[in-house]
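Open the model in your viewer and keep the selection tool ready.

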Amino acid sequence: MAHPRKIIIDTDPGQDDAAAIMLALGSPEEIEVIGITAVAGNVPLALTSRNARIVCDFSNRTDVKVFAGCDRPLKRPLVTAEHVHGATGLDGPELFDPVTPLQVQHGVDFIIETVRSEPPGTVTLCPLGALTNIATAFQKAPDIVARVQEIVLMGGAYFEVGNITPAAEFNIYVDPEAAEIVFKSGIRIVMIPLDLTHKVLTYKRRVDKIRAVGTKPAVALADMLAFFERFDIVKYGSDGGPLHDPNVIAYLIRPELYKGRECNVEIELNSELTLGMTVVDWWQVTKRKHNALVLRDVDDEGFFELLTERVARL
């Protein structure tokens with residue numbers, strides 16, 4: 001790759017979001033993090049914007065620009081996930097007041113300004129949480145849609161069905177109206193659903209290997225993952241829980257680790273039973289136009305080798 005891929009990470013940290021940020025910041029040859037925009041999701045915005053800055057501090061990158069975005073979904077009350085991520089959203093390591101500053105500009109305005117100012121087709125949006133910031137930017141500035149290179153997102157599920165309701169994955173469920181706007185935007189989308197992330201498990205040997213790096217960022221991440229996995233170990237009965245969000249960054253760095261197929265994906269907005277479900281036409285039984293590359297398979301050992309190597313660089 002001649003130049004690093006320019007990305008904006010849109011996030012609601014979250015321990016797995018922290019792993020994604022660390023992976024990106026540890027990969028400057030492939031990834032240029034233009035900025036990080038926080039959104040309400042796993043915890044309220046005041047915490048997600050703080051947590052993003054704490055992760056930058058842990059990563060020894062207090063120069064990264066962090067912005068606070070939308071504090072609630074487009075049309076619904078905010079649903080959060082402290083039962084998974086802890087009261088802070090980043091439970092595990094000892095937390096602190098971050099040195100990395102919070103920028104004054106609103107995260108949505110930063111997205112709009114950046115996509116307008118960079119050459120067309122050179123900015124990739126990487127949403128790791130609810131799609132509120134992205135959809136709001138598209139509504140406020142429709143001209144930027146044609147300028148976005150790609151959206152690579154963690155969200156949705158099909159064969160694995162839901163993790164917040166029987167049918168819906170959390171990020172899509174929090175703001176399904178925003179998800180519909182994004183999936184109907186016409187931008188190339190790579191969707192990383194639970195079907196894939198449930199194959200990327202934080203086995204103890206994998207977390208121990210990260211901890212053994214011994215640096216501040218590696219130990220902090222190991223502490224986060226040790227806390228994060230406890231909920232899923234109980235829920236799924238596995239040795240280690242799924243590690244969702246860093247697959248977005250790993251796909252950009254090492255796409256050969258992943259396999260999927262082009263599909264049509266629609267977002268359910270009306271059903272009480274399946275609100276927020278991503279209805280994926282995996283078997284191509286409709287004539288609906290493809291709007292996403294839906295990933296389903298991953299070299300999980302290769303993923304953890306990459307994550308461990310790049311966190312060790314921080």
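How much space lies in the largest cavity? About 40 Å³. Keep in mind that this model is predicted. The structure holds one cavity of 30 Å³ or more.

**Stop 1: the cavity lining**

Select Ala157, Tyr158 and Phe159 to begin. Colour them by class: nine are nonpolar, none is polar and two are charged.

Now select residues 292-298, which form strand 10. This strand supplies three residues, the largest share of the cavity's lining.

**Stop 2: a pocket**

Next, go to the second largest pocket. About 200 Å³ of space lies inside this pocket. Its lining counts 14 residues. Select Phe183, Gly186, Lys289, His290 and Asn291, the lining residues that lie nearest the pocket's centre. What classes make up the lining of the second largest pocket? Five residues are nonpolar, four are polar and five are charged.

**Stop 3: one threonine**

Select residues 300-311 to show helix 12, then pick out Thr308 within this helix. Is Thr308 buried or exposed? Thr308 has a relative accessibility of 11%, so it counts as buried; the cut-off for buried is under 20%.

Which residues does Thr308 touch, leaving aside those up to four places away in sequence? Show Lys209, Ile210 and Val213 together with Thr308 to see these contacts.

Key:
Residues numbered from 1 in each chain as written. Predicted model: local features only at pLDDT ≥ 70, side-chain atom pairs only at ≥ 80, totals over all residues. Heavy atoms only, no water. 1 Å grid on protein atoms, 1.4 Å probe; cavity = no way out; pocket = protein on both sides within 12 Å on 5 of 7 lines; lining within 4 Å. Points joined across faces, edges and corners; volume = space filled by probe spheres on them. Helix = DSSP H or I, 4+ residues; strand = E, 2+ residues; numbered from the N terminus. Nonpolar A, V, L, I, M, F, W, Y, C, P; charged D, E, K, R; others polar. Buried < 20%, exposed > 50% of the residue type's maximum accessible area, 1.4 Å probe, protein only. Contact = heavy atoms within 4.5 Å.
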